[in-house]
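Here's a quick briefing for anyone meeting this protein chain for the first time. Have a look at the sequence and the 3D view, then read on.

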Amino acid sequence: MNKTVILSHWRFVILFLCTICVLMCLYAFKDGYNTHDLQTYNLRGNVKSVEAYVYDPISENKYCSEYLEFDREGKLIVNSGITIKRNSEGYIIMLDGGFDGKEYEYDGNWTVKSIRTWSTSTRTERIIKFDKNNNPLESELYGEPDFELEGKDTPSDKLEYRYYETDSHGNWIARYIKKSGTPSNPYGENMEWTEERIIEYY
């Protein structure tokens, strides 16, 4: 086998391997997600930070409800004292701050379907319906404080979401949320509010 044939053979092998790598990357980060961490929070694009603000129409107050920060590689940045736990695929399954934290559960497409939050009490939000962009449309709350069935597998309240503004990356920046009771808790808390997000990109 002459040198020209050998070089041609190796060029083919390298090209084949590069093609496989590209396809794997496209599959791993399909739907526009750059990294696993950004997919956990359903964020597209090279996101640097997210500031979420809730507007309460009753008190007419606006307060920050969540702040997320990512490095240039798309990894979530957390404060000291908080531990990030990941599964074998590299997805975040828990943010453990000791006395408070969050635990995430995924469906088969690595979309978050359940979020368990704990601090002074434990609450789980199970998402039962998504829109085409994987944003929650309907969810059920379990373990709401003061609910008589707390700790049982019975929803205390439900949430309904409506999105009315997105940015150029397809990330929502304004949405409406309605909270109401369920058949098992018809006297659940009835509330409506809006939430806005300021998203900064690298």
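Predicted model: local features only at pLDDT ≥ 70, side-chain atom pairs only at ≥ 80, totals over all residues.

A residue is called buried when its relative accessible area is under 20%, exposed when over 50%, and partly exposed in between (1.4 Å probe, protein chains only).

Residues are numbered from 1 along each chain as its sequence is written, and side-chain values use heavy atoms, with hydrogens and water left out.

**The overall picture**

- The chain has two helices and twelve strands; helices (H or I, at least four residues) and strands (E, at least two) are DSSP runs, numbered from the N terminus.
- Take the contacts (heavy atoms within 4.5 Å) between residues at least 6 apart in sequence: 34% of them join residues at least 24 apart.

**The nonpolar cores**

- A nonpolar core is a set of buried Ala, Val, Leu, Ile, Met, Phe, Trp, Tyr and Cys residues joined through side-chain atoms within 4.5 Å.
- The largest one holds 16 residues, and the members touching the most others are Y41, L43, V47, F70, L76, I92 and Y104.
- Two or more residues of this core come from each of β1 (47-56), β2 (61-70), β5 (92-96) and β6 (101-106).
- There's also a second, separate core of eight residues, with V54, Y161, I177 and W193 among them.
- Beyond residues up to four places away in sequence, L43 touches Y33, L38, V50, F70, N171, R197 and I199.

- E195 sits in strand β12 (residues 191-201).
- What does the side chain of E195 make a polar contact with? Its partner is the side chain of S65, at 3.3 Å.
- A polar contact here is a pair of N or O atoms within 3.5 Å; within protein, one must be able to donate a hydrogen and the other to accept it, and residues adjacent in sequence count only if both atoms are side-chain atoms.
- Setting aside neighbours within four places in sequence, E195 is in contact with A52, Y53, V54, S65, W172, I173, A174, R175 and I177.
- V54 belongs to strand β1 and is buried, with a relative accessible area of 8%.
- Not counting residues up to four places away, V54 touches N61, K62, Y63, S65, W193, T194 and E195.

**L68 in β2**

- L68 lies in strand β2, and counts as buried at 9% relative accessibility.
- Leaving out residues up to four places away in sequence, L68 touches Y41, K48, S49, V50 and L76.
- The C-alpha atoms of L68 and A52 are 8.7 Å apart, although the two residues are 16 residues apart along the chain.

**Strand pairing**

- Two strands pair if DSSP finds at least two bridges between them.
- Strands β9 (residues 136-142) and β10 (residues 157-166) run antiparallel and are joined by four bridges, with L141 opposite D157.
- Nine bridges join β10 to the antiparallel strand β11 (residues 172-181), where K178 stands opposite E160.
- The hairpin of β10 and β11 has five residues between the strands, and there G170 takes a positive phi near 90°.

**Aromatic pairs**

- The structure holds seven aromatic pairs.
- The rings of Y91 and W110 are stacked, because their centres are 4.4 Å apart and their planes are at 5°.
- Rings of Phe, Tyr and Trp (its six-membered ring) pair if their centres lie within 6.5 Å; planes under 30 degrees apart count as stacked, over 60 as edge-to-face and the rest as tilted.
- Y91 is buried at 3% relative accessibility, while W110 is partly exposed at 27%.
- Y106 and W110 form an edge-to-face pair, because their ring centres are 5.5 Å apart and their planes are at 65°.
- Ring pairs also link Y41, F70 and Y104 into a cluster.
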